[in-house]
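Subject: Structure handover

Hello,

Here is the structure I promised to pass on. My notes follow below it.

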Amino acid sequence: MRQPTYGVPPQQAQSPGGYDSGYNTGQVYGAPAGGGSGRPPGGPRRPGQGGDGPVPVRVVVDWRKRIKIGSIVLVSALVITTVGTYFWADSKVRREVDLSKVIERPKEGDCTTYLIVGSDSREGMSDEEKRKLHTGSAEGKRTDSMMVLAKCSSGNTMISLPRDSDVEIPSFVGSQSGKKFPAQGRRVKLNAAYAEDGPELLVRTIEFNTGLRIDHYAEIGFAGFANIVDALGGVELDIEKGFKDEKSGADFKAGRQTLNGSQSLAFVRTRYAFAESDLQRTKNQQKFLSALASQAATPSTILNPFSLYPVMGAGLDTVIVDKDMGLWDMGQMFFAMKGVNGGDGVSMNMPISGERGGNLIWDKAKVQQLVKQIQNDEKVTVQSR
């Protein structure tokens, strides 16, 4: 019997007599009807058919789908990281100051005001760290610097309050005892208010003597300050005139330089090396804090977890704030300080009119004008020395 012939039309693949065996359809597997070349288009060539070898199979990739999936994964990872970072950071904040205990408060203004305090607290410091930072070993803590930062739409204002400022201690409620103490007309240095009953009495005294309401409170001690600077890798500063001071450990040449933690602490604490003493020191403190904020609030720090986490870890658990102050408020405070350094605002001392018994007397007329401008969110035009 005649064998079926592969690759030929069905009419030729018949047994003698024209009978179709039904064994063959007349097509090779995968070839088009009609035979053609006897192989599928783009498919491998059969031996003996010539050509230059197998034709590669074309794979179609849907890049739009891949990009969409990748974007979703990236955004999800960023959201999870951001939320996790927020709760981690929020858990480290020490909200220990209760401003609800402050009585007879001034009216609220249009700006947000922060009282920023640097204390001489040696909490958590070893004897070696105390020697390295030239802090001494005094117990307790006192205010080493005080500033009011007003965040306004008209421009930010940073006002240093010299610790030797002459102020009156008003009536107040004890932060621990809850007992009300009547006003006795006592006039003291401003830092004595903090030493007597802590942050709440300091806020009460500043509000009473200025008429300006304080919305938030933030305080940091010696160790936390130095640790933040070191976590940043130092702070670059342009020192106009060199100075040296044995008490603080300061020894600086003039010019642009990068200060580490211990050097930074010496820079902001020095007062005896200057003819203006505390007034020059407050200017240096403002200059340094603005530079610190500018360097910390850069993309290279904020967007780099290897920089951001050490800085936050070094600072958050050593910063004491009021109970209503959230991370958002702290961020606003930080960026407002950066704005002052960038020229978006005013940096000044509280206006001084003279001295009394070694205490600095505030210029009442200028203070009232300054407070009014801040309360009304007006551009600050008051000047001080």
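F267 and F288 are both buried, where buried means under 20% relative accessible area, exposed over 50% and partly exposed in between, with a 1.4 Å probe and protein chains only. This is a predicted model: local features need pLDDT of at least 70, side-chain atom pairs count only at pLDDT 80 or more, and totals for chains, interfaces and linings use all residues. Residues are numbered from 1 along each chain as its sequence is written, and side-chain values use heavy atoms, leaving out hydrogens and water.

Aromatic rings

The whole structure holds seven aromatic pairs. Rings of Phe, Tyr and Trp (its six-membered ring) pair if their centres lie within 6.5 Å; planes under 30 degrees apart count as stacked, over 60 as edge-to-face and the rest as tilted. For F267 and F288, the ring centres are 6.3 Å apart and the planes stand at 45 degrees, so this pair is tilted. F267 belongs to helix α5 (residues 261-269) and F288 to helix α6 (residues 278-296), so the pair ties together parts 21 residues apart in sequence. Helices (H or I, at least four residues) and strands (E, at least two) are DSSP runs, numbered from the N terminus. Ring pairs also link F225, F243, F252, F267, F274 and F288 into a cluster.

Y272 is a separate item. K247 lies over its face, at 5.5 Å from the ring centre. R271 lies over the face of Y272 too, at 5.5 Å from the ring centre. The test is NZ of Lys or CZ of Arg within 6 Å of the ring centre and within 35 degrees of the ring normal.

The sheet

Seven strands make an open sheet with mixed pairing, in the order β3-β16-β11-β4-β5-β6-β17. Two strands pair if DSSP finds at least two bridges between them. β3 (94-97) and β17 are the edge strands, each pairing on one side only. Strands β4 (residues 112-119) and β11 (residues 216-220) run parallel and are joined by five bridges. Y114 stands opposite H216 in β11.

D344

Where is D344 found? It sits in the loop between α9 (327-341) and β17 (345-349). D344 is partly exposed, with a relative accessible area of 47%. Leaving aside neighbours within four places in sequence, D344 is in contact (heavy atoms within 4.5 Å) with G155, N156 and G339. The C-alpha atoms of D344 and N156 are separated by 6.6 Å, with the two residues 188 apart along the chain.

Best wishes
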